[in-house]
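Please keep the sequence and the model at hand while reading.

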Amino acid sequence: MKKALLLLLPFLFVSCTNKSGEVMTDSKMDISMKLYIDDLLIEDVTWEDNDSVHALSQLAENILTINMHEYGGFEQTGLIGQSIPRKDKQINVNPGDIVLYNGNQISVFYNPSSWSYTKLGHINLSNDKINELLNKESVVFALK
């Protein structure tokens, strides 16, 4: 029994690494979904590993386009077109955070806020660049 566990140990570590060989945490697994804002590919997005992101990834297989509008001076928000699984909790969000709201809307933040959301991911850009991309009347958010 001990010999079998020792033989399996290297495979357990391999399954917890990303393409670069870095160990990934449960909440930061590698998701291959691509994000575009107004046709600009956002190359550095960290997606959460949860049921909501997996459902969103399935919707994005045929390109999911969401027309978003500015709300409250801190976010862009838009309807997905259907509900997906959610596990909302009270969280503080920061510029670049992508969240699910009410199970059927995506919000992307360019200023801090706090509410009950399911975290989907984070855009890893400077606050200035995020503000430039999102602080406008509307944007087109696309997932492929």
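Which residues do ring pairs link into a cluster? Tyr71, Phe74, Tyr101, Phe109 and Tyr117 are the ones joined in this way. The model is predicted, so local features need pLDDT of at least 70 and side-chain atom pairs count only at pLDDT 80 or more, whereas totals for chains, interfaces and linings use all residues. Residues are numbered from 1 along each chain as its sequence is written, and side-chain values use heavy atoms, with hydrogens and water left out.

**Aromatic rings**

- The structure holds 4 aromatic pairs, where rings of Phe, Tyr and Trp (its six-membered ring) pair if their centres lie within 6.5 Å, with planes under 30 degrees apart counted as stacked, over 60 as edge-to-face and the rest as tilted.

**Helix 3**

- In helix 3 (residues 127-134), Ile130, Leu133 and Leu134 are buried; helices (H or I, at least four residues) and strands (E, at least two) are DSSP runs, numbered from the N terminus.
- These three cover an arc of only 80° around the axis, which puts them on the same side of helix 3, the arc being that of the directions from the helix axis to the C-beta atoms.
- Asp128 and Glu132, on the other side of helix 3, are exposed.

Terms used: Buried < 20%, exposed > 50% of the residue type's maximum accessible area, 1.4 Å probe, protein only.
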